[in-house]
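Hi everyone, thanks for making time. Let's bring the structure up on the screen and walk through a few pieces of it together.

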Amino acid sequence: MSKSKDHPSKNVESGLSRRDLFRTAGLAAGGAVLLGLPKFVGGWAGDAEAAVDTRVYAGTTSLALELDGQSIPLFSVEGGHAVADVISEPVGPEGIAVKRPGAVRYEDLLVTLPMGTGSKALGDWLTNSLSKPGPSAKNGAIIYGGPDGKEIKRLGFTGTLLSEVVVPQASAADTTQAMLFLRLTPQSTQLLGPSGGALKAPLGAKQANVLSSNFRLNVQGLEQACGRIAKVHPLITRRFTGSNSVGDFRQPKNPLGPWNCANVSVILPEADAGPFYQWFDDLVVKAKPGGERKGLLEWMDQSMKVAASVQLDGLGIVRYAPEPVILGSSQKAGGMVQVDLYCETMKINL
């Protein structure tokens, strides 16, 4: 098969890659709200696309993910469109480059939603996808609602796999709502007009206002050292689903890859970091067996009940880095230290 059919053009790959970098940076900074600012993205996507995005956002007052009969409120949604490459045939004697559309492909769906969604359908899908071998495909739809409470349109999807999960940062200094990012890779999508009916009320979804600052992280055997953790950077896990290098178009015949978790980065006072330093010495320097640990990151609602959690298995420390010391500066006594851990598996409970 030719490259033109296997992969989008280099220009398409480049544009989407820059968007992904922007999106990751926004999530890392606790700025998921930036995802709803198409004018900011316009510098990369073009003024025409930004104008179209602005009209769409202006007419839509609610978004929802429809899954297993449940309507799950969303904060933002992007992608999911059907596209085809333009294929140019060899120039004939007339001197005209004849063009035709290539095979149809479907963009990934990128959605953000509050961590405290409480949806059993989404929670079960996350659990099955992250912990069980083999595909866990779903059919469903993205529902766009208008100011009158009625459905504007819906984007149906079939044979859809979870291919990336980004758990938001947990930071004592961040008082914004914690947002979960999901990449959904569909087998196919279909954009449909409005049904004419009212939007369904969320079924079985108890929304909790979960703030990024209201968290706790415990690492097995290091509970006392974890008492004053200031920040946990976003937790990221992704897998290959038969997509191209950008990950935006699925090739159904390719095999499903395993989940791969990015490193976990934690910021804590250096005064509390001694047990982490000892762990590094045992696991890395002395290479003692059995040095990997489990971890649990939890978010609490306003009543201090656990609203969402992430279980981290196979944690191993690989780096620690105290913040730089500058003589004569106004640094407070006892600085902070960043600790980096590898992680083998991640399980999310909503």
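Let's start with a cap: Ser119 sits at the N-terminal end of helix α5, with a side-chain oxygen 3.5 Å from the backbone nitrogen of Ala121. Please keep in mind that this is a predicted model.

Helix α5 itself covers residues 120-131, and from first C-alpha to last it reaches 16 Å, close to the 16 Å expected. Its buried residues are Ala121, Leu122, Gly123, Trp125, Leu126, Ser129 and Leu130.

Now move along to helix α6, residues 274-285. Which residues of α6 are buried? They are Phe276, Trp279, Phe280 and Leu283. These four cover an arc of only 100 degrees around the axis, so they lie on the same side of α6.

Just after the helix, have a look at Ala287, which takes a positive phi of about 50 degrees.

Let's finish with one of those partners, β12, residues 215-219. Phe215, Leu217 and Val219 make up its covered face, while Arg216 and Asn218 are on the uncovered one. In a regular strand, side chains alternate between the two faces of the sheet. β12 pairs with β17 in the antiparallel sense, over five bridges, and Phe215 stands opposite Trp299 of β17.

Happy to take questions!

Notes
Residues numbered from 1 in each chain as written. Predicted model: local features only at pLDDT ≥ 70, side-chain atom pairs only at ≥ 80, totals over all residues. Heavy atoms only, no water. Helix = DSSP H or I, 4+ residues; strand = E, 2+ residues; numbered from the N terminus. Expected span 1.5 Å × (residues − 1). Buried < 20%, exposed > 50% of the residue type's maximum accessible area, 1.4 Å probe, protein only. Polar contact = N/O pair within 3.5 Å; in protein donor to acceptor, adjacent residues only side chain to side chain. Pairing = 2+ DSSP bridges. Arc of directions from axis to C-beta.
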